[in-house]
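Let's take a look at some ring-bearing side chains and a charged neighbour. Have the sequence and the model open as you read.

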Amino acid sequence: MTHAPVLFLPGTLCDERIWLPVWRLLPLTDRRYVPLQWATSLDDMLALTGDRADNQQKVHLVGYSMGGYIAALWALRYPEKVASLTLIGYNPEGLGSQEIKQRSQLVTMLNKGQFTPQNPAYINRFVHPDFIEAPQVAGVMTQMADDLGASTLLAHTQSTTPRPDMVPELRQASFAVNLIAARQDAIARYDLLSAIAPNLHNCTLYSVEDAAHMMLLERPEDMAGYLKQILTA
């Protein structure tokens with residue numbers, strides 16, 4: 001296992017709890033968490049990432065969902081500081097027009113108080129059918145939504161919309177890129193990520209079976225196994 005710092009970045013409306021099941025299975029000498037739930041802007045997110053980087057040695061960046069966007073953006077700005085970039089449940093092609101439209105509608109509803117992130121339909125979109133009633137998956141999502149609230153969802157959504165296509169830059173990257181994709185992920189679709197992987201520099205694609213976007217909570221053993229491979233390469 002690497003002795004270099006490993007930075008973990010959470011997704012939208014997530015905190016440390018999204019990583020805990022994986023961390024318990026992943027012995028690391030220098031694990032660092034980037035608290036994106038504190039951020040209210042894109043600049044905040046990038047600054048928090050930089051604060052947890054290391055000026056003495058390169059860092060491994062592991063970003064989940066929205067955290068993948070921030071990790072990739074920071075890595076492309078500071079490639080000399082990056083040992084590797086791992087994107088979990090994140091499509092580096094950015095957001096399509098339909099996704100941007102949906103996000104605009106979500107922002108409008110949040111501003112009007114017409115939407116709460118505890119909405120079962122919202123949560124079910126991210127969870128594999130096998131785990132809809134599972135306390136360690138949908139239950140954790142609901143707890144994070146309760147604690148972080150609509151204001152965090154609003155800040156995260158506004159701060160990371162739109163998202164540019166980073167594939168051309170990642171194709172030229174000086175660091176290894178890893179993609180971890182769940183077969184049933186409706187957010188970052190496996191078929192799209194498997195098509196992108198051959199176009200990225202030194203890229204390895206890892207697939208997670210019987211899991212959706214909440215793969216960190218649904219299949220922590222598989223996730224930890226893949227990260228061990230990546231961080232010992």
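Tyr69 and Tyr90 are both buried (under 20% relative accessible area, with a 1.4 Å probe and protein chains only). Keep in mind that this is a predicted model, where local features need pLDDT of at least 70, side-chain atom pairs count only at pLDDT 80 or more, and totals for chains, interfaces and linings use all residues. Residues are numbered from 1 along each chain as its sequence is written, and side-chain values use heavy atoms, leaving out hydrogens and water.

The structure holds 7 aromatic pairs, meaning rings of Phe, Tyr and Trp (its six-membered ring) with centres within 6.5 Å; planes under 30 degrees apart are stacked, over 60 edge-to-face, and the rest tilted. Here are two of the pairs:

| Pair | Centre to centre | Angle between planes | Type |
|---|---|---|---|
| Trp23 and Tyr33 | 6.0 Å | 80 degrees | edge-to-face |
| Tyr69 and Tyr90 | 6.3 Å | 35 degrees | tilted |

Trp23 is buried at 8% relative accessibility, and Tyr33 is buried at 12%.

Now for Arg163. Among the residues it touches are Tyr69 and Tyr90, not counting residues up to four places away in sequence (contact means heavy atoms within 4.5 Å). Which side chain of opposite charge is nearest to Arg163? That's Glu99, 7.2 Å away, and the buried Arg163 has no salt bridge (a side-chain nitrogen of Lys or Arg within 4 Å of a carboxyl oxygen of Asp or Glu). A polar atom of the Arg163 side chain does lie 3.0 Å from the backbone oxygen of Thr160.

Key: Buried means under 20% relative accessible area, exposed over 50%, partly exposed in between (1.4 Å probe, protein chains only). Lys and Arg count as positive and Asp and Glu as negative; His and the chain ends are not counted. A polar contact is a pair of N or O atoms within 3.5 Å; within protein, one must be able to donate a hydrogen and the other to accept it, and residues adjacent in sequence count only if both atoms are side-chain atoms.
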